[in-house]
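Hi,

Here's the structure I promised to pass along.

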Amino acid sequence: MSSNTDFEPKIIAFVCNWCTYAGADLTGTSRLKYATNVKIVRFPCTGRIDFLLLLKSFAQGADGVIVSGCHPNDCHYTSGNFHARRRWIAFRSVLDLMGVDIRRIQYSWVSAAEGSKWADLVNNTVADIRALGPYAEYQKVADYLEKEGYNEEA
Amino acid sequence: MGHTNKVSDLQSHTGVEVMRCYQCGKCTAGCVLASEMNYPPSYLMRLLQTGTKPNLDKVLSSNSIWLCLNCENCLGRCPMEIDIPKMMDYLRTQAIKENKLHPDSKPIIAFHKSFLDSIKNTGRLYEMGLVLSYKFRTFNFLQDLSIAPSMYLKGKLHLLPEKIKDRRSMKRIFGQTIENAKTDNK
Amino acid sequence: MKIGFYPGCSLTGSSREYNESVVAVAKALDIELIEINDWNCCGATAAHAMNEELSLSLPARIMAMAEKQGLTEVVVPCAACYNRLKVTQHELEDDTKRSRVIDILKMPYQGSSRIINVLQLLEMYGAENIKAKITRPFAHKVACYYGCLLVRPHSILKFDRVEDPQSMDTMIKMVGGTTLDWAFKTECCGAGFSVSRTDLVAKLSGNILKDAADRGAEALIVACPMCQSNLDMRRGAINKTLETPSDIPVIYITQAIGLALGLSAQELGLKRHFVTVEL
Amino acid sequence: MSKIGVFICHCGENISATVDVERVAREIGGMEGVAHAIDYKYMCSDPGQTFIKEAVKKYGLDGVVVGACSPRMHEPTFRRACAEAGLNPYLCEMANLREHCSWVHEKSEETTEKAIDLVKMLVEKVKKNKPLDSIKVPVTKKALVIGGGIAGIQASLDIANTGHKVILVERDPSIGGHMSQLSETFPTLDCSQCILTPRMVEVAQHPNIKLYTYAELESLEGFIGNFKAKIRLKAKSVNYSTCTGCGACIQKCPVKKIPSEFNAGLGTRTAIYVPFPQAVPNKPVIDRVNCNYYKRGACKICEKTCQVGSIEWDKEDEIITEEVGAVVLATGFDVKGTDFFPEYGYGQYKDVLTGLQFERLASASGPTFGEIRRPSDGAVPKKIVFIACAGSRDPAKGIPYCSKICCMYTAKHAMLYQHKVHDGESTVFYMDIRAGGKNYEEFVRRAIEEDTVNYVRGRVARVYEKNGKLIVKGVDTLLGGEQVEIEADMVVLATAGVANCGSEQLAQKLHVSYDPYHFFAEAHPKLKPVETNTAGIYLAGACQAPKDIPETVGMASGAAVKVAALFSNDELVREPVVAVVNRLAPPLYSTCVGCFMCETACPYNAIEHEEIKGRDGSLIRNSARVNQGLCQGCGTCVAFCRSKSIDIQGYTNEQVYAEVMSLLND
C-alpha cells in the first residue's frame, strides 16, 4: 500500500436529521475530536438519499462518502432507513460495475446517543480513504451519468 | 503531579489502565492472600495511580507482587475489568530487572528458576531434580523431606528425568525469550 | 472415537493416578487417546511469572506439534496446562505475538486445534456411554472442587459459570452421587506455592477442606493435579492448621466415574493417594 | 443575482477559539451572490438578531445564512428574526460551526477552512431556497399518559386540572407503580401509601381522566396534535360495570401460591386477584396463566361465589382507538433481581434480598406487616448487611451509570431496621455516598450518628451461606484495605435501577430515541429535559433515567405544562417540509408518469391519485398528489421517483445538489 500521508481526502457525509445529525451534535457537546475532512449534508431521513447523488459526488471529485442514519427499528419515520438499506444493497453492484471501489462508501448507523461512534466512524473512514488514495476514475462515472442524462442543474 | 514513564510503560506493555480503578476494594475483599501482603491489590492500584517514584518503588519492593497466586478472583469480580494478574506478571519482571526484590520473593523466584531449568534441560518437568535444585538455591535442605520418600514409594517420583527428543528446540526457545531478555538488561 | 491427548508433566509423575484413571475411563468409554508426539512442559506458573514470551512459546510448541499430527481436538486433563494452552491460544490471536512466537519456534502454528478439559470430554463424548455403563453407582455425598484454572479467566475459557460452577456436580449426580452446595468451589488452594510457601498452601487448602468437612463431605472431587496434590500430599501440613484434623480423601473426577463404571482401585490408581481412599 | 447575507457567530469563544471567524466572514463576503457578511460575538442575542433584521432591510437580502451552533438549537430563533424583518423564514439556513466544527477540531488552518466550506454549502443551498408557507394543522386537545405510577398520576392530574381530557393507560391491574410498594420515604420518613393513595383515588374520580388499567399501547400513528393511539385492553375476565369489588372470589380461589408481584415475590396471591388492598380500581382480574380453569378447563369456583355474575370467561382482548394531541411517557423503571449477582449467590439464598423486597418487609402492608423477618425461617435478623452499588457503576455487568436513588434508600433501610430491631447491628458497604438534595446529606448523617449504622467504605467480593448465616466478605478501604468478614442474618442488595422491560419496543412504536440502556432520551440534556426528539411526546419520571419521587413529580408537572401549552392553541404551525409533485403548464401538466412507486414507499399513506383532465374533461393521465396533512417529510418518495417529479420542500434535489457541488467544484 502506498503511503498517502499528504493526501487529504474529500469526504461527504449524507446523514439523517434525527439520529446521526443529532449524534454528531452530541460528539460536539462531548468535545470529542475527529478529522476535518468530512462535511455533513443534512437530510430529513436516509430514505431521502438518492444514490445517484452519491454517484454525482464521485463524478465531481469526492474521494469518499458516508451514509448514516438511525439504527434498524429506530427510524423517526418508521421505515425510511430500511428503504435506504435495501437501495444501498442494490446500488452496491452498480458501483462495482462502474469501477467505484465500494470501500469508498461507508454505510453506518449512528444514533442520537452515539456521539463517540460518530467520531470513530469519521476517523476510520478518513484513515480508510487515505489508504485507498485519491479517487481517480471519476471520469468513468461522469460519462455514465451523462449517458443516463442525469443532470440536476437542468 | 506528573506520571512517571513507568506507569505508562505498564499500560503499553500490558494494556492495563490503572486509572480505571475507582478504589472499590472488591479485589482486596476477595483476595485469598491479601492479609499476607504488604499492600493488598486495591492499595497497590492506588500507589500506581499516584505515579510517583517513591510509590512505584514501594510497589516493586513489596511482597504483594510475589504473593499473588494469579488465581484471578480479582479479575473475575472487578467491576472495571482491570487485569490485575497481568499487571502482577509485569511488575514481577520489573522488580527483577530493577533488582528491587522483597525477601519473600527469594524462595518463590528460586522455585520458578529451578522449574524452568528443568524444562530447559529436558523439555519436561523433572520433579526430583526440581526439588534438589530448589534446595541448593534456598539452602533449605530439611524442608519437604517428609513427603519425598512416600512419594517415591507411591510411584509418584521418578529418580531419572524423562527427556523429550527435540531438546534443541527447548534451548532455542529459552535462548530467544527469557535468556535474551536478561542480556537486554545488561 | 479418537481424540488428541496432552498429559502434561504432573500426570507422568506426582499425579500418575490422574493419568491412569483418565486412560482407564477413556478406554471403558471407547475413546482412543492419541498422545501428542514429543510433547514438552507447558511452562506452568513459573514461565508466566518470569517471562511472557517464554510462557507463550512453550504451549505454542505443544499445539504446533498437535497440528503437525493432524489433531483437531486435544483433551488436556491437567487444569493448569489446560489454562495455559487456552490462554496462549487467545493471546496468539494477536498477529504480532503470533509471528514472533512462530519465529522462535521455527514451526508453523495456526491455533486451530480445539483445546478441551476432561469435564468437556466426558460431557461431549462420554455422557450417554457413562449412563449406560454404570455398574456400581457412586453413592456418596461429595464436594466438587473446581479451583481457579478451570473457570478463570471466564472471558477466555468460557467454560461453566464463574462463581458456583456446575459441570462436575452434574457429572457426579449422573453417576449416582450427591453434591454439596458449598462455599469454596473456586477459591485458590495455593497452587504453585506447594514447595516454596508450604505454609500458605496449608492455610488456603485448610480453609477449603474445613468448609467441605463442616458440610459433611465424604470426599473432595477435583480435576486439577495441583489442587489434588496440595489437598492430598500436603495433608500433614494442612491438618496442623485445623482445629479438627480431616481425613477426607481427594479424588479425581475420572476416578469417581471409573468407580461407577466398575473399574478397580488398582486401575484407577487409588492406592497412590496419601490420604487413604475408601469409597 | 442573489443577495445573501451571512452572519458568523463567535458564540462567546466557543467558535472563535478554534475558528478564525473574521477570515470566514471575509472570504464568504467575496463569494458570488453574497451581499453582506459579518461576524459577531453572540448572533442569537438581541443585538445580534437586530444586525440580521437591519441587514435584511438595508441590503434587501433574499437569503440569510447564519454560521453558528446546531440548527437543532437556534434555527427557529433566526428564522423568526428573518420573518420579523419581512423575509420568508424558509430563506434562512444555518451552518453548524460549533457542534460540527469548532468543538470537534483543534485550532488550525484546516478547521477554519472547514468552517468556510460549511458556510459555503449553505450559501449555495439558500440560493436555491424558495419562500414557503407554514402549514396549519388542528390540535386534538386530549392527552395520552402511558404508565400509572407516581409520574403518570401526577402528569394526568396536572393536565386534567387545566381542563383538558386525559387517557391514562396502565399495564398492571392497578395504578400506583413502585411508589405504592415503598414503606416510608426519605428524607422525611412519611408513609408512601399515605401520601400516594389519595392521589390514586383522585385520578379514578377525576371527570377529565379516563383510566384504562390492564391495558397497553398497541400502536401510535400520526404527529403532534394529531396522534391516533390503538390501545389493547387486556381481558380482565371480570365485568367491571357489575363487579362490586366485594372480594369474595379472591377468598375462595384455590390457587393461592402465586408469587405476588406487589410484594416483590415475598408474599403470595391468588389467580383472581387485586394486587394490593388500596388498589385503584379495587376490582379483581383473573391471571389466565395461573388460573385452574384456563389451565385445565375446570374450577370456576369464583363464578359460583360471585353474587352479581361478573366473571366473563370468554372475554377477549379488545383494541380501542383514541385520538390524542400529545403523549406523556411515564413507564418508570425496574430493579435488577438478586439472580443478577453470581458473587452474591445467583439469587439462590432466600435471605439475600433486593432493596425493593426490603421495602415490602418494612411496609405495614407487606407480608410480615412491617416486621423485619427472614424469608427463610421468619427469624428477626440480628445482623444485617446492606450492599450499595449492587450492579450500578459496574461496567463489567453492563451498567456503568449510577442508579442515583440507592444511597438514600439504603440509608433509609438501615435506619428503619434500627428503629424496628433495637438490638440489631446494621452495616452498609458503600463506595461513595451521593446525597445531593434538600435534607438528604443530613438524613444520611442521622443514620450514621444517631442510628449507629456502621458505614464501611468498600465493595463486597462475595456472600455465601454457612450454618444458616450469610458470610459477607467485604473490605474497609479506609483502613488500607483491611478485609472485613461479617456473619449476617440478612443481606440487602441495593440493586441497579434499569429501564422497564419492553421500553425498547415501546420507544420503537413511538419513534422516540433511547439510550444504550433503553432509557428514553430527552431532546436536550439541559434545556429540554421533558421533551423527546419527536414533537408532541414528553417524558416524566424514571423512564428517562433513575430518579427519586420529588424529581419524578417535578418532571411530571413539567411534562404536563408542555402539554397544556400545546393545548392552548387551536391550531399548530408545522414546518412545510413536505413532499410536492410538480405541476407544469399544459400540455405537460406534470412530469409524473403515474407509476406510483412513491405510494409504495410512503409510510404515511400520504400519496393520493389525481386524475388530470383536459379542457374537454377527458382523462389525460393519472398523477400522484401529496396530502400535506399526512405527509411527514421523510422524503423516501423522492428517492423512489424515477421521473424526478416529486420533491421535498426544504431539501429539494436542487438544494442538496448545490450544497454538495459547492464542496467539489473548486
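Before the contacts, one cut-off: two residues count as touching if their C-beta atoms, placed from the backbone, lie within 7 Å. Also keep in mind that this is a predicted model.

So, who touches whom? Four pairs of chains are in contact, and chains A and D share the most contacts among them. That contact draws 42 residues from chain A and 45 residues from chain D. On the side of chain A that touches chain D, the elements giving two or more residues are α1 (20-29), β2 (38-43), α2 and α3 (80-98). The top contributor there is α1(A), with six residues. By type, that side of chain A splits into 17 nonpolar, 15 polar and ten charged residues.

Chain A stays off the other two. Chains A and B do not touch, with their nearest C-alpha atoms 18 Å apart, and no contact joins chain A to chain C, where the closest C-alpha atoms are 19 Å apart.

Helix α2 of chain A (residues 51-59) is worth a look too: eight of its nine residues are buried, so the rest of the structure largely encloses it. The buried ones include A:Phe51, A:Leu55 and A:Phe58, and also A:Lys56. After α2(A) comes A:Gly61, which has a positive phi, near 110°.

Last, the largest nonpolar core has 413 residues, and C:Ile221 and D:Ala540 touch the most other members. Leaving out residues up to four places away in sequence, D:Ala540 touches D:Ala151, D:Val328, D:Val530 and D:Met555, among others.

Cheers

How values were computed: Residues numbered from 1 in each chain as written. Chains lettered and ligands numbered in written order. Predicted model: local features only at pLDDT ≥ 70, side-chain atom pairs only at ≥ 80, totals over all residues. Buried ≥ 20, exposed ≤ 12 C-beta atoms within 10 Å, placed from the backbone. Helix = DSSP H or I, 4+ residues; strand = E, 2+ residues; numbered from the N terminus. Core = buried A, V, L, I, M, F, W, Y, C linked by C-beta atoms within 7 Å. Nonpolar A, V, L, I, M, F, W, Y, C, P; charged D, E, K, R; others polar.
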